[in-house]
Amino acid sequence: MSEFEPKIVAFFCNWCTYGAADLAGVSRLDYPPNFRVVRLPCTGRLNPKYILEAFKRGADGVWISGCHPGDCHYIAGNYHARRKFMLLHHMLEAVGLEPGRLHFSWISSAEANKFQEIAREVVEKVRACGPNVNFRKAELDLGLPEVA
Amino acid sequence: MTSLPDLNQKIQSAAKRLLAEGKAEVVIGCRQGTTPMTVAPIFCRTEDDCNQLIWSNFAKINLATYLPKYPGKVAIIAKGCDARSAVGQVVEKQIERENLYIVGVACGGLVDVEQIQAREPRPIRAAEEDWATIKLSGDGWSSSLPKEDVLRRNCKTCVSRTPEGVADELIGEPTEALPADDYADLKALAGQSLEEKMAYFKGLVKNCLRCYACRNACPLCYCPVCFVDETRPQWLGKSQDEMDTFTFHLLRAFHCSGRCTSCGGCEAACPMDIKLREFNRLLDEEVQKDWNYLPGLSWDQTPPLTTYRPDDEADFIK
């Protein structure tokens, strides 16, 4: 049996982390290919149900990343997002989600090296958690694909 | 302490006065239910309606739930938690302050019918109540219970029994607020293993039918389309899948974070006796710890998720 390769759904803000991922690619920085990136206009656009939906459909990990506080393209989107993350992070860990499955970071579009470093860290932590069993649906609804 | 008949009298005359003076087109309150130990909401437009108004230890519904449905001038006969929810709806701009008149009634805590039935398994045909005791009777028997022994869980940690400060008028003698919830059980749970935590929370909702009675009873759940009813995309499957049910409870609680007044309406409405508030309490604890916020206590509060501080501490973000 081959080694477990985690599937990770990554929600990146269009203005910062998505740019960092782009820059990392253009700069030929190696990072693991375990992400399925969803581009958001801003981390403030992230609804907590997206995270749960990803886990429900079989993602082994979720990574959310946006602009550093103070650098939001929309002035305060990430400040608002941070408050939601504080509650959501607390709640999901309190109900038994492994701490290594859900990751948050601030990566600016110039920080390709930080992107590479955190991408590796996220994949390793999710890999250590093993496949997501507890937060996935036993049987998916008709027409809904699993995270590819 | 004002006796219950006196209190009812005062509530009824206040309601009649408000209708006569035109301060309200409808007065929302409680009336006796059709079976023992139940109450029903009543929407008073005439004097006759007003004569049915009561205050009851069994008034488990949060009357603020009905407020956003009335566009005109409305008065509400409010316990501490009803008043806080009504204030929350004004703060969240669901109703206009000038259309709302709060008749605050000092509350001494409500009782939990399930706990009464557990202590008194014989069929209960009638229940009489006063401030401190519940008298039960059935075929050829009668007994009485001290109210303190069968208080609802949320009433044991109520910090707003008397809606002082926000009520337009107050009926009854103010009752002391109780020591706030210390979340000791949740703190103890936080120290346990992931498996134990998950087993606890999934166990809580394993009987859930997803009837959404908790949502319908909740004064915070006024969204025109709830996320559970959205179909494109469909966030929650319609089957009894464990994860769909769990997601519902997590998101329901999340939507109430920083807004829940611990009225216990969700638990009271639940036909399966699920301790729904455990999920809310998880978030209440965090909201109070991080932002020291209690909803519904003043008209000019800013709900914590609609604002931010540049120095909010979130050390889990890399």
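Figure 1. Strand S5 (residues 126–129) and strand S6 (residues 133–138) of chain B run antiparallel and are joined by four bridges. Strands here are DSSP runs of E with at least two residues, helices are runs of H or I with at least four, and both are numbered from the N terminus. Two strands pair if DSSP finds at least two bridges between them. Three residues lie between S5(B) and S6(B), and the two strands form a hairpin. Glu128(B) has Lys135(B) as its bridge partner in S6(B). The model is a predicted one, in which local features need pLDDT of at least 70 and side-chain atom pairs count only at pLDDT 80 or more, while totals for chains, interfaces and linings use all residues. Residues are numbered from 1 along each chain as its sequence is written, and chains are lettered from A and ligands numbered from 1 in the order in which they are written.

**Figure 2. The five-stranded open sheet of chain B.** The strand order is S2-S1-S3-S4-S8, and the pairing is mixed. Strands of a sheet pair through backbone hydrogen bonds, either parallel or antiparallel. Strand S2 (39–44) and strand S8 (169–171) of chain B are at the edges with a single partner strand each, so one side of each has no neighbour in the sheet. From one strand to the next, the twist averages 25°. Strand S1 (residues 26–32) and strand S3 (residues 74–78) of chain B pair in the parallel sense over three bridges. Val26(B) is found opposite Val74(B) in S3(B).

**Figure 3. The four-stranded open sheet of chain A.** Here the order is S2-S1-S3-S4 and the pairing is parallel. The edges are strand S2 (35–40) and strand S4 (102–106) of chain A; each has a single partner strand, so one side of each is left without a neighbour in the sheet. Neighbouring strands are turned against each other by 20° on average, direction ignored. Five bridges link strand S1 (residues 8–13) and strand S3 (residues 61–66) of chain A in the parallel sense. Ile8(A) has Gly61(A) as its bridge partner in S3(A). Helix H1 (residues 17–26) of chain A packs on this sheet and touches S1, S2 and S3 of chain A, and its direction makes about 110° with that of S1(A). Such angles run from 0 to 180 degrees between N-to-C directions, and the axes are lines fitted to C-alpha atoms, for helices over the stretch in contact.

**Figure 4. The two domains of chain B.** The domain assignment gives domain 1 (1–176) and domain 2 (181–313); such bounds come from an automatic or database domain assignment. The C-alpha centres of the two domains of chain B lie 24 Å apart. Domain 1 of chain B brings 23 residues to the contact and domain 2 of chain B brings 22 residues. Two residues are in contact if their C-beta atoms, placed from the backbone, lie within 7 Å. On the side of domain 1 that touches domain 2, helix H3 (residues 80–91) of chain B gives the most, with eight residues. That side of domain 1 has eight nonpolar, nine polar and six charged residues. Ala, Val, Leu, Ile, Met, Phe, Trp, Tyr, Cys and Pro count as nonpolar, Asp, Glu, Lys and Arg as charged, and the others, Gly among them, as polar.

**Figure 5. Helices H8 and H10 of chain B.** The axes of helix H8 (residues 242–255) and helix H10 (residues 277–291) of chain B come within 9 Å and cross at roughly 45°. The two helices are therefore oblique to each other. Angles under 35 degrees count as roughly parallel, over 145 as roughly antiparallel, 65 to 115 as roughly perpendicular and the rest as oblique. H8(B) contributes His249(B), Leu250(B), Ala253(B) and Phe254(B) to the contact, and H10(B) contributes Phe279(B), Asn280(B), Leu282(B) and Leu283(B). These residues divide into six nonpolar, two polar and no charged.

**Figure 6. The contact between chain B and chain A.** Chain B supplies 31 residues and chain A supplies 36 residues. H8(B) gives the most to the side of chain B that touches chain A, with seven residues. Helix H2 (residues 48–56) of chain A packs with H8(B) at an angle of about 165°, and the axes are 11 Å apart. H2(A) is therefore roughly antiparallel to H8(B). Pro48(A), Lys49(A), Leu52(A) and Lys56(A) of H2(A) make this contact with Met243(B), Thr247(B), Leu250(B), Leu251(B) and Phe254(B) of H8(B).
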